[in-house]
Amino acid sequence: MSSAVTTHDEIEAKPHKHPNYWAVFIALAIITAIITVTELFIDSIPVPKEVIRTGFVVMSFIKATLVAMYYMHLKFDSFIYSIFFITPVIFALFLVLILAIGYLI
Amino acid sequence: MVVHPPPSLGLDNRKFGFWVFIASEVLFFSVLIANFLVLSKQDPAGSFHGVATGRELLNIPLTALNTFILLTSSFTVVLALEAIQKGNQKLFRTFLLVTLAFGSFFIGVQGYEYFILIVHEGLSMSTLFGASFFTLTGFHGAHVVGGLIWLVIILFKAFGVMGGFSAQDNLGIEIFGLYWHFVDIVWLLLFSLVYLI
């Protein structure tokens with residue numbers, strides 16, 4: 001193949017940075033441990049449960065984001081993949097938020 | 001000789017197609033989650049053996065352990081990918097086998113959880129909580145089982161039964177990893193939305 005033309009195989013074969021998978025895993029494990037321990041002792045923590053449970057959801061989203069960015073390589077791959085992942089996530093969040101507002105009203 | 005032009009996006013068709021599939025899966029699971037959030041709230045308090053809600057029947061420590069197991073299996077998949085990209089076949093196969101073990105353990109624990117809920121706690125599909133809970137977690141479990149079957153096929157190939165993988169030819173592992181990580185992400189969200197809030 002001519003060097004003037006870049007094929008899709010060559011584009012995908014371009015080396016990209018490899019994250020420190022161990023550091024990401026340790027971060028994920030720590031967040032999981034925090035969530036679990038907090039849930040087990042939730043009755044003895046002097047903070048409203050709604051606040052704590054909102055924190056659980058936020059921490060779970062942080063974990064999901066870490067997996068998507070580093071394990072699924074969205075941080076390093078083409079931005080087009082990120083668009084295909086984030087767009088339905090926005091729709092999903094919108095759906096859940098609409099339902100949540102329906103409960104609050 | 002026919003020379004094909006490069007694709008306009010400059011992306012591998014197989015990987016791009018799989019991301020489109022994942023996008024559809026995001027919408028699929030978001031509807032199931034929304035379904036659970038609405039229906040599980042509508043069960044009357046005290047309808048399950050005097051406990052306030054169906055959620056109180058769930059075993060959180062066991063499920064937290066299971067969450068950690070699935071998270072670890074995601075980790076071993078990226079380590080397997082990294083190993084094959086470096087051409088380390090032995091480490092690659094080892095991490096795939098560990099992933100299979102963790103994934104099987106996850107399904108085993110989920111089966112045990114279902115057994116306890118159905119046989120001992122009497123949670124049935126005829127309640128709103130039971131129906132939405134089993135539908136949501138069951139579909140996720142089916143995705144894990146599908147991933148395990150895919151992984152067994154990959155293992156056959158990794159051990160040379162149907163060709164093999166190399167530092168230059170490992171896109172199949174990367175695409176499997178995308179699927180497995182997505183299933184992991186779904187579970188991370190399910191764990192907080194179903195078991196914790």
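A crossing of two helices is left-handed if the near helix is turned anticlockwise from the far one by less than a right angle, and right-handed if clockwise. Keep that at hand for the exercises below.

This is a predicted model, in which local features need pLDDT of at least 70, side-chain atom pairs count only at pLDDT 80 or more, and totals for chains, interfaces and linings use all residues. Residues are numbered from 1 along each chain as its sequence is written, while chains are lettered from A and ligands numbered from 1 in the order in which they are written.

**Exercise 1. Describe the make-up of chain B.**

Step 1: Count the elements. Helices (H or I, at least four residues) and strands (E, at least two) are DSSP runs, numbered from the N terminus. Chain B has five helices and zero strands, giving the pattern α-α-α-α-α along the sequence.

Step 2: Look at burial. A residue is buried if 20 or more other C-beta atoms lie within 10 Å of its own, exposed if 12 or fewer, and partly exposed in between, with C-beta atoms placed from the backbone. By that rule, 38% of the 197 residues of chain B are buried.

**Exercise 2. Work out how H2(B) and H5(B) are arranged.**

Step 1: Find the angle. Axes are lines fitted to C-alpha atoms, for helices over the stretch in contact, and angles run from 0 to 180 degrees between N-to-C directions. The axes of H2(B) (residues 60–85) and H5(B) come within 10 Å and cross at roughly 160°.

Step 2: Name the arrangement. Angles under 35 degrees count as roughly parallel, over 145 as roughly antiparallel, 65 to 115 as roughly perpendicular and the rest as oblique. H2(B) and H5(B) are therefore roughly antiparallel.

Step 3: H2(B) passes H5(B) in a left-handed crossing.

Step 4: Sort the residues of this contact. Ala, Val, Leu, Ile, Met, Phe, Trp, Tyr, Cys and Pro count as nonpolar, Asp, Glu, Lys and Arg as charged, and the others, Gly among them, as polar. The contact of H2(B) with H5(B) has 14 nonpolar, five polar and two charged residues.

**Exercise 3. Which helix of chain A gives the largest share of the side that touches chain B?**

Step 1: Two residues are in contact if their C-beta atoms, placed from the backbone, lie within 7 Å. Across the two chains, 38 residues of chain A are in contact with 40 residues of chain B.

Step 2: H4(A) supplies the largest share of the chain A side, 12 residues.

Step 3: That side of chain A divides into 25 nonpolar, nine polar and four charged residues.

**Exercise 4. Is Phe84(A) buried or exposed?**

Step 1: Locate the residue. Phe84(A) lies in helix H4 (residues 79–104) of chain A.

Step 2: Apply the burial rule. Phe84(A) has 20 other C-beta atoms within 10 Å, so Phe84(A) is buried.

Step 3: List its contacts. Leaving aside neighbours within four places in sequence, Phe84(A) is in contact with Trp19(B), Val20(B) and Ala23(B).
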